[in-house]
Amino acid sequence: MPTLYLLATSPATPTIHTPHVDYLSILPMLIMLGGALFLMVVSSLFRKILSVRTGTLVASAVSIAALVAALFQWHQVSTHGAQVTIAGAIAFDGFDVFIQIVVAIAMLLTALIGDGYLRREGVEGPEFHVLAMASASGAMMMGAANDLIVIFLGLEIMSIALYVLAAFNHKRAESGEAALKYFVLGAFSSAVFVYGIALVYGATGSSNLPQIADYLSRNVIASNGVLLAGLALLLVGFGFKIAAVPFHMWSPDVYEGSPSPVAGFMAAVAKAGAFAALLRVFVSSFGTVRADWQPIIWALAVLSLLVGAVVALMQRDVKRMMAYSSINHVGFILLGVEAATARGVSASLYYVFTYMFLVIGSFAVITVMARDGDTGNQISDYRGLARRQPLVALAFAVLLLGQAGAPFTTGFLAKFGVVSAAVDTHGYVLAVVAMVSAAIAAFFYLRLAVTMYSPVGLVGNAADGGGEGGASAVAGAVGGDGAVSNLQVLTDAPPTEAVTERGLVTVPGLTALAIGVSVAFTLVFGIFPGPILDFAHQATLLFT
Amino acid sequence: MATSTPFPYLTVLVLVPAIGAVLVAVIPRHAVAAWFHEALGVAVTVVTLCVAAVVAFKFKAGYGGFQLVSDHMWAKDLGIHWSLGIDGISLFLVLLTAVLFPLTILGARARRDPRSFVGWLLLLEAACMGSFVSLDLVLFFLFFELTLVPAYFLIGGWGYARRGYAAIKFFVYTFAGSAFLLVGILAVAFIHQSQTGVLTFELPALMHTHFSGSEGVLLFLAFTAAFAVKAPIFPFHTWSPDAYAEAPTAGSVLMVAVMAKLGTYGIIRFDLNLFPQASRTLAPLLLTLAVIGIVYGALVACAQRDLKRLLAYSSLAQIGFIALGTFALNSQGLSGGVLQMVNHGLVIATLFILVGWIYERRATWQVSSLKGLQAPAPVLAGIFTVAMMASIGVPGLNGFVGEFLILIGTFVAHRWWAVVATGGVIVAAVYLLWGYQQVFHGEPTAEDAKTRDLSWNERLIVAPLIILIVLLGVFPKPLLDRITPSVNQLVVHVDQVTNTRIPAGLEPRPVAAATPRHAPSLAIATPRPPADPGSGTAAPTGRTP
C-alpha cells in the first residue's frame, strides 16, 4: 500500500519505489532458481541432448551452493538476529534458514537418486533436474514467506513443477494418470487457498503475516465469520499440500504413479515447504485466535494418524504403503502444530528434517528395487532381499525402523518431541492416539522388514532347517515344520518361481551414496541427538 | 545423586552386547567359519557376564541407594540424560540376565541362520540390561521399547507353526501398552517442571514430585498399563501363551525369564517410587488382579495338554505372586517379590530349556504323546524334577524363599488375599506333578524308549542353573542382604509420602539372617502386631509332595 499511496500523491513523477532487496535473505532460493534456469538455457544451446550426468552434476553443485549459502545465512541470523526484509514480504530468521537447509539437502539427495533412475529408465535430458530445482526453490520461498501472497507464489512454483515431475516417466501410463489427478486436485486446492487469502485480507486488512498478527492482537472481532471462513479455507489448501486426512485422497495414487525418486522428493520437500508456511501462518499470525483453529488441527491430526496407519496395513504395494505411512507422519507433525508452542514448533521442525532423510532414503531403496519400468513394487518382491543383497536390506530395515520410531534412531526422537509437545499442552488424548497409531504403524514397517529377512521359498528353507537341526533324528521333521509354517504364516502371496528366480538389483553408486547418507544420519543423530535437536531449537528461538 | 565412579561399569554393561550385535551384523556369513557367529555370541555374553560379576563385586551391600551411577546429558533440548545406576532391586536382575544369555545361546540354538539369531539375542541383551540400569525415564522407555524389536524378529523368524500370529499379537499388545507409558512419562516430567521449573526425566528428581489424587491415579494407571501387559498380569496376559508357546526355545526362555521381569521391575521401580499414594490407593485392585492371576493361571495350566503352554500359564501364576508381594507394600513382600523375580527367572529358564530339548528329541510338546521318559532319559527326568520342585516351592530350593516372604508380607498387610493365593500354590503342585507324571512316569512306548538322554554338553549347560536353584534355596542371605536395604528405602519412601503410621520398633531394618528355617523372624514392619506368621507359613510347608 505504500506504493499506491505514493502514486496517488505525486502524479507528476510516477516513480514506483521498489523496496530495498536484501539479496542475502533469499540467496539459496535465487541460487536454486538460477541453477534451474541456467541448466535449461544451457541445454537449449547445444544441439545434442544434454546427458543425464551433466544434469546431475549441475543440480548437485547448485544444491551444494544453496546449502553453503544457507549455512552462511545461518551464521548471519545467529549473529545478527532475525529480521524482516524486502518490504516485509520475506522473513529472514532461523526458521526460514532451517527450511532452506532441509530443502537444499533434499534436493541434493534427489539429484543423486534421480541420476541412477533416469539412466536406468533411459530418460534423456536435464528436465528432471530443472523441474526439481524449480520446485525446491518454491519450497524455499514458502519457508521464507512472510506474506500470504508470497506463500501462494512459493506454493505455485513448487506445485506446478511437481505436477510435471509426477508425469515425468512418459513410458508409464500410471505416471500420466497420477499427474493428472495431482494437477486437478492441486489446482483446486490452490484456488481454495487463494480464496482463503482473500477472506483473511478482508477480515484483517492485510496479507502480511506480522500485520495480521498485530491486527488480531489489537482488535477483538465481534463477528469473525469472514476470518474463520478464511482460516478454514487456508487450512483446506494446506491440508491438500501436506496430504492430511480428509484431503489425502490424491496422495496414494500419485505416489504410486510417480517415479519413485519424485515420490520421495514430494514427500520430503512439498511437506517441508507446506509445513513451514502452515506453522508460520497459524502459530505466529493466528496465534491469538488459536482456540478457533486448534480443534480443527486436532481433528486433522487424529484422522491422519489413524487413517494413515490403518490403511497402510492393508497395502500390498510398497509405494502405496509409504504414501499412507507419510499420511501418518503428517499426523505426527500436526501434533506440534496443534500444540502451537515453541516446543511444538521446534519438534515439528525436527520431525520434518529427520523425516526428509528417512523418506528420501526409503524411496531411494524403492527406486532401486523397482527395476526397469518401476514394476517390482509389491511387498512380495522384497522377500528374501536380505539373502540376495544384505546391505540394501539392512539399509532399508534401518530406514523403516527409523520411520517406525525405533529407539536410537532419529525417528524416535522426532516422535518423542511432538508427543511431548502435545502432552505439554495437556493434549493427553491426542498423545495417546498418536502413540497407538505408532504401534499400528510399527507393525507394517516391521512386516516389510521381516519379509526382507524371510527366506524365499520352500527349497531354501528346508535346506536350512535340515542343516541346523539339533538332533539328527528329528532335524528333518523340524525343517519340514518350518517350511510348511512359512507358507501358512506369511500373509503375502506364496512365492512364485519368478520371485525365486529374480536376480540381483543393481545399485548405482550415487544412489548408494544417498542411501548411505540417509542411514548414517538416522543412526548417528539417533544415538547422538544433540546437534540436530539444538539446531531445531535455535531455529525456533530465532522465529520472528 | 550418589557418587559417580571413575569407570562407567554400567555403560560398559549395556554397550558390550550392543557392540557384539553390531559386530555380528557387519561380519558377513561367508567371510568366516560357520560356527563363528555363535562363538562370537557366546564370547560377548560371557564378557558381559564378567562385567556383571565385577558390578556385583563393586556393589556395596547394606546401602539402599543407587550405586555405580553414571550421568551424562544425552539430549539437552529434551532433557534426557544417559543416567545409569544400580541398586539392590536391579542388581540381581542384571546378574540373572547376564547368566541366562550365554546359556541360552548355547542351549537353545537356532534351526537356521544362526548369525541373525545371535545378533538379535545380543541386541535383546543390551536392551534388557539397559532397561534394568536406566535411571532416566525416557532412557528406560527407549530400552524397554528396544526389547520389542529383537523379540518380534525372534518369534517371527524362528518360531513354530503359528509364529506370525504370535509375533504380531505380542508386538501390538506390548506396544499399545507402552503408548500409555510414554504419555505418562511426559506428563510426570511436565508436572515436575511446572513445580520446580526444571525439565528432567531422572527418577531421583521426579520421585519428589507431588501429584494430586486423581493425577496420581491416572498416571499410575498409565504406567501400570505398560508394565501389566509386559509382565503380564491378569487380564492383560492373552498375548503371552501364544508368544511363549510359538517362540523358539531361546525366545521363550528370555521372554519369560528376563523380559517379563521388566514389567514387574517397572512396577516396583517406577510405580511405587513415583506414585506412592496411588500405589497404596490402588493396591487392593492390583492385589486382586494378582490373586486372580495366581488362581486362574494355575487352573488353566491344569487344563493344558501342551508343555510349553503349561509353563506359560504357570508363569502367569508366578508373576501374580511377584505382583502380590509388590503390592503388599512392606519390606517382606517387596523383598520376596524381588527375590522371586530372580528365582522364577532361573527356574522357568531351566524348564523351558529342558522342554526345548524334549522337542528336539521328539518334535512334540503334547503331554499325551510323551510317556515314560524317565526310563530312557533319567538325567533329563532328574533335572526336570529339581526345577519343577523349585517351581512348586519346595523348601530347600529357591522358589520357596521368595514365595514364603511374599506370603508373609501379604498376610500381615492383606490377610485374605494371602489365603487365596496360598490355594494357588497348591494347584501349582497339582498341574506340575500331573504333567510330570504323564511325561516321565509310566511304561514308555517304543518311540519314547528311544529318547536320548542329555548329552554332557547339555548337562554342563543346565548345571549352573541347577546349582543356583539349590544354592539360592539354602543360602539366600547374600541376595537378601543387598535387596533388603533398597527395598526398605522404597518402603520408607512410600510410607512417608502416604503418611502411614509405622509402629515404634517396627521400622524396616536390614535383615540379619534369612535362611528359610528362620524366615518367620523376617516379620518386621507389621502394622498389625500379633499377626502370627506361623499360620501364614503353614501352607507353604504343608504342600510338599
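Two residues are in contact if their C-beta atoms, placed from the backbone, lie within 7 Å. This is a predicted model: local features need pLDDT of at least 70, side-chain atom pairs count only at pLDDT 80 or more, and totals for chains, interfaces and linings use all residues. Residues are numbered from 1 along each chain as its sequence is written, with chains lettered from A and ligands numbered from 1 in the order in which they are written.

**Exercise 1. Describe how α15(B) packs on α17(B).**

Step 1. Locate the helices. Helices (H or I, at least four residues) and strands (E, at least two) are DSSP runs, numbered from the N terminus. α15 covers residues 378-392 of chain B, and α17 covers residues 415-440 of chain B.

Step 2. Take the axes, which are lines fitted to C-alpha atoms over the stretch in contact, with angles from 0 to 180 degrees between N-to-C directions. The two axes come within 10 Å and cross at roughly 170 degrees. α15(B) is therefore roughly antiparallel to α17(B) (an angle over 145 degrees).

Step 3. List the residues. From α15(B) come B:Ala381, B:Phe384, B:Met388, B:Ser391 and B:Ile392. They meet B:Ala428, B:Ala429, B:Leu432, B:Tyr436 and B:Phe440 of α17(B).

Step 4. Sort them by class. Ala, Val, Leu, Ile, Met, Phe, Trp, Tyr, Cys and Pro count as nonpolar, Asp, Glu, Lys and Arg as charged, and the others, Gly among them, as polar. This contact has 9 nonpolar, 1 polar and no charged residues.

**Exercise 2. Characterise the side of chain B that touches chain A.**

Step 1. Count the residues. Chain B supplies 40 and chain A supplies 42.

Step 2. Assign the chain B side to helices. α4, α5, α6, α7 and α14 of chain B each supply at least two residues. α7(B) gives the most, with 14 residues.

Step 3. Sort by class. The chain B side has 25 nonpolar, 4 polar and 11 charged residues.

**Exercise 3. Which stretches of chain A have a pLDDT below 50?**

Step 1. Start with the average. pLDDT is the predictor's confidence in each residue, from 0 to 100. Chain A averages 83, and 88% of its residues score at least 70.

Step 2. Residues 3-8 of chain A fall below 50 and have 4 contacts beyond near neighbours in sequence. Residues 457-501 of chain A also fall below 50, with 66 such contacts.

Step 3. Apply the caution. Where pLDDT is low, the predicted coordinates should not be read in detail.

**Exercise 4. Check the length and burial of α13(A).**

Step 1. Compute the span, 1.5 Å times one less than the number of residues. The 22 residues of α13(A), 318-339, should span 32 Å; the end C-alpha atoms are 32 Å apart, which agrees.

Step 2. Check burial (buried: 20 or more other C-beta atoms within 10 Å; exposed: 12 or fewer; partly exposed: in between; C-beta atoms placed from the backbone). Of the 22 residues of α13(A), 21 are buried.

Step 3. Look past the helix. A:Ala340 follows α13(A), with a positive phi near 55 degrees.

**Exercise 5. Is A:Phe408 buried or exposed?**

Step 1. A:Phe408 is in the loop between α16 and α17 of chain A.

Step 2. Read the backbone. Its phi is positive, about 65 degrees, although A:Phe408 is not a glycine.

Step 3. Count neighbours. A:Phe408 is buried because 21 other C-beta atoms lie within 10 Å.

How values were computed
Parallel < 35°, antiparallel > 145°, perpendicular 65-115°, else oblique.
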